[in-house]
Amino acid sequence: MTGTDLFTTDTSGLAIDIGRLQQRLADLAAIGAIEGTEGSARLALTDEDKEGRDLVVGMMTDLDMTVTVDAIGNVIATMAGQIDGPPVMCGSHIDTVRTGGRYDGNLGVLAGLEVVEVLRSAGITPYRPIAVGIFTDEEGARFAPDMLGSLVYVGGMALEEALDITAIDGARLGDELDRIGYNGPMPVPGPAPHAFVELHIEQGPVLEVEGITIGAVDGVQGISWQEVTVSGQSNHAGTTPMNLRKDPGYVAAACASFIRELAIDLGHPQVSTCGRMQFAPNLVNVVPASATFTVDLRNTDEAALQEAEQRFAEFLASTAAAEGCTYEVEELARFEPVVFDPKVVDLVADTAAALGHSVRRMPSGAGHDAQMFARVCPTAMVFTNSKDGLSHNPLEYTAPDDLEAGANVMLHVLLALAAD
Ligand code: GLV
Ligand code: MN
Ligand code: MN
């Protein structure tokens, strides 16, 4: 195509089309739609994930982008630049938790396509290529750890190890990737981009509470996920005296309660969640034989996160021993806090201010693909407001004005990064 040189073209007036972006968000949300809500369920590598991928890949080819798929299923679509070489990359994920909203992840991918459409319509060829990525299994809800596709892309986990991960439903990741047809030929680790920027909803309350439009994200807190399986003595619920029980259900419940008190004791920004718990045989009148539960601990400070892990480990050991139970702990994910590139964070903040938006620097409470790219290239994120701070919930909502503001900040950040 014939392009206009970014150096000679005034791009300051370019703006995204919010109607077009919302239409794409709605089209994607219709796949795996959760009835009666605006949300969707597209757990990684399920049929719904495949259908969502097919839809977005179609959008990418309609925009004349070159689409590649790598060996872990990451999809990278590239708009050619005036020079070859590493692209400025944006993107995110389109898998969701089982109770997903329509913005988490999807916004970062679809806003990237909107940026490409704006440039195409204006007849602009960026100096550097611009790429939009869909990264496999960001949520980690079906296959742990989270951010798996971007982790493998940057060389943080070997492909073979990733392909062998077992889902919560027993499926093998590599088999599911083959089944949905997204086992692609591009090798991993992939080439480092020139820079990486991810637009995402905040998924928390800070921007809304403070009345601020844009977050210039300067880092991501550390994440520690564990799955604990406690085993005891299954027995009759009516005949077994309390002092003779070996009850894994009790140990699990005590741990769930302990990690909440632990987070309160350590204070902000420590958070803790027990999000999944299963008993076997899971019957009203049977002391469980085993209990399996997850622990999610996060903190922006690595030393504090290690302290939380240590105190939980001690509590689990002493409580299980006192109850006569044994246990096993599997680490599902462990990522240290990440600091983004100050120059890219400044660029996000300055761009937001230049577009007339209020902006604050802030860390991310959620994990994101950008934190993996921060290992290999200058990276930052743009946050936009989440109504009532809700996410991982079909009620997740971001107003059109906020979507538009966030996408326009990303447009101009990408233009700046692609121009030098
Ligand atoms: C995943 O993205 C998470 O933050 O839980
Ligand atoms: Mn997300
Ligand atoms: Mn999420």
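## Exercises on the ligand and metal sites

The donors of the manganese ion (ligand 3) follow the spacing D-x34-E-x252-H along the chain, where donors are N, O and S atoms within 2.8 Å of the metal (3.2 Å for Na, K and Ca), and sites may look incomplete since water is not among the atoms. The model is predicted, with local features needing pLDDT of at least 70, side-chain atom pairs counting only at pLDDT 80 or more, and totals for chains, interfaces and linings using all residues. Residues are numbered from 1 along each chain as its sequence is written, chains are lettered from A and ligands numbered from 1 in the order in which they are written, and side-chain values use heavy atoms, leaving out hydrogens and water.

**Exercise 1.** Find which residues coordinate the manganese ion (ligand 3), and state where Asp104 and His392 sit in the chain.

*Solution.* Begin with the donor atoms, which are Asp104 (OD), Glu139 (OE), Glu139 (OE) and His392 (NE2), at 2.1 to 2.5 Å. Asp104 also bridges this ion and the manganese ion (ligand 2), the two ions lying 3.6 Å apart.

**Exercise 2.** Decide whether Asp104, His392 and His93 are buried or partly exposed, and list the polar contacts of the His93 side chain.

*Solution.* Buried means under 20% relative accessible area, exposed over 50%, and partly exposed in between (1.4 Å probe, protein chains only). Asp104 is therefore buried at 4% relative accessibility, His392 is partly exposed at 39%, and His93 is buried at 0%. A polar contact is a pair of N or O atoms within 3.5 Å; within protein, one must be able to donate a hydrogen and the other to accept it, and residues adjacent in sequence count only if both atoms are side-chain atoms. The side chain of His93 makes such contacts with the side chain of Asp104 (3.0 Å) and with the side chain of Glu138 (3.2 Å).

**Exercise 3.** Find how far an oxygen atom of ligand 1 is from the side chains of Glu138 and Arg298.

*Solution.* An oxygen atom of ligand 1 is 2.8 Å from an N or O atom in the side chain of Glu138, and for the side chain of Arg298 the distance is 2.8 Å.

Note on methods: Helix = DSSP H or I, 4+ residues; strand = E, 2+ residues; numbered from the N terminus.
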